[in-house]
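Please look over the sequence and the model shown here before reading the report.

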Amino acid sequence: MKLLFEESKKGRGNAFLPAADTGSYVPDEKYLRKSALHLPEMAEVDIDRHYTQLAKQTHGVNDGFYPLGSCTMKYNPRIDEETASLPGFTQIHPLQPLSSVQGCMEVLYRSEKLLCEITGMDAMMFAPAAGAHGEYTGLLLIRKYHQERKDFERVNIIVPDSAHGTNPASAVMAGFKVVNIPSNDKGGVDLDALRNAVGKDTAGLMLTNPNTLGLFDPNILEITKIVHEAGGLCYYDGANLNAIMGRVRPGDMGFDCVHLNLHKTFATPHGGGGPGSGPVGCKAFLQRYLPCHKVEKKEEGYVFTDPEMSMGQVRSYYGNFLVVVKALTYILTLGKEGIREASGKAVLNANYMMHRLKEKYEVAYDQTCMHEFVLSLEGLKKQTGVSAMDIAKGSLDFGIHPPTMYFPLIVHEALMFEPTETESKEVIDEAVKIYLDLYDKALSDPEYLHSAPHHCPIGRPDETKAAREPVLKYEFND
Amino acid sequence: MFKNPEELKYTKTHEWVKEEDGLWVVGLTDYAQDALGDIVFVNLPEVGDEVKAGEVFSDVESVKAVSDVYSPVSGVVAEVNEAIVDDPSLVNGDCYGAWMIKVKDVSGTDDLLDAKAYEEVCAQEA
């Protein structure tokens, strides 16, 4: 399929704008650009067809089952889009007088209160643009905390080997050293390894609970206690909040700060590159280090304040505001009971699907799971040569988005499923049948799966070439 | 079957090592490059860095995942193979030619295996 630049024809376009009646203005020579702008010139119909064509080659949650583990690809109710489209929220400017955007301020204020209630935190702010940005901001909180206390020795962040890849990356970006600790045979944190890892150099621990195996760590109170006793802080990665919201709170597990992925857990379509929202929440003792521009309620109305010892600004203005509007709508439409029901059903769906797939597949950690579970296809691969990748590719032919593959790293030939609360029993039953059939196909005709998918517009793009020789920009001839 | 040349020593974590002109040359085994799949990125230490036997000195990224590489010996990095940084496919193509680092001032080694013992390790994992 052609790129917009390749479809461009000089002079083509749509003259919908009336001629300007104000005369033209040419800026000073030194401000003029030296190279051509190269905006594609196209008719509206061609632009429309281009994007429709692109959309047809993708698979979204509105197309079908999308069990991409750890990504919480659940359905985003239309009402959330509707409120986020209200002109009072869209037709605003970040610098207009606060008296004219009090409603928007109230959205941020009320969202903060509700999300603090859900997470057990005392304060939250919405500047970070997505999850990894939230992690980074949370780690800067931890850093600031130790530095203010002149505790400069604390340079290590402890990360379990089942962590999301962004955790160690964020820790390094924030100036820490990463200490990896192994998981125990139940998939949780190895307490002895943790005890050996903590010390005077421990700045903190980063943890997702439930972890990327979809398992809730039953030792969580002991884990946070060990870190606190060593003088470190505990950071909660909110990636898997969908499993526990309305049931247990990171703040009660002993965590000092969290980030959430509003786009995952609270209803914004994601996976296409944004916009997301990764608000950071913390306990009261960290509040004074939060980034700038936090909403406070005063007698005269809502105002922006900068925390006393703020780390400064982590993003322009106030974050991706409309994502917060969707999150607030989502929380208010579900209500306290609905939030609790959503996490319950997400966990029930995952367990149901896991138990049905166990008929043929091997579960990596065979125990009650939370919102997601991991299969290991190591045995099947040894037996038939059919890999996790082949099964995932095979499922594409049946209109299913592949589960997360080859992650977490501690499980070989991993396939990680997260059906979410969105799906009905019928959809899950149908998907289970497809996966069980694919298993049989692996035994009877491995070659067929090596070359799957057979009916998709794109089958097996050359991932190796894409990684070794990435083409990241379009080269113009002039 | 994986190639495990007789003249090399191996680790359980799938690195090979050999002594050559007073330096210890380290690389990834055939089993490792096969299990990783197409390698797309190699991160090497710098000349002068210390490495410790049994500890991570490098990471390699394949289409599947990022994996740590462990040093078979303790010592100081004398040379690094920049060629595999520029073209990681060399490791998949010829893993025993595409060495990763050469180590000097070697003070100790991990438990090293001969080709036969290493073959058994591979057989257990495969």
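## Basis of the model

This is a predicted model, in which local features need pLDDT of at least 70 and side-chain atom pairs count only at pLDDT 80 or more, while totals for chains, interfaces and linings use all residues. Residues are numbered from 1 along each chain as its sequence is written, and chains are lettered from A, with ligands numbered from 1, in the order in which they are written.

## Domains of chain A

Chain A is divided into domain 1 (80-333) and domain 2 (336-459), with bounds that come from an automatic or database domain assignment. Their C-alpha centres lie 30 Å apart. In the contact between them, 20 residues of domain 1 of chain A meet 20 residues of domain 2 of chain A, where contact requires C-beta atoms, placed from the backbone, within 7 Å.

## Helices 12 and 15

Helices here are DSSP runs (H or I, at least four residues), numbered from the N terminus. The axes of helix 12 (residues 321-357) and helix 15 (residues 425-444) of chain A come within 10 Å and cross at roughly 30°. The two helices are therefore roughly parallel, a term for angles under 35 degrees.

Residues of helix 12 of chain A that meet helix 15 of chain A include Asn349(A), Tyr352(A) and Arg356(A), and among those on the helix 15 side are Ile428(A) and Tyr435(A).

## Contact between chains

Chain B gives seven residues to the contact, and chain A gives six residues.

How values were computed. Axes fitted to C-alpha atoms, helices over the stretch in contact; angles between N-to-C directions. Parallel < 35°, antiparallel > 145°, perpendicular 65-115°, else oblique. Contact = placed C-beta atoms within 7 Å.
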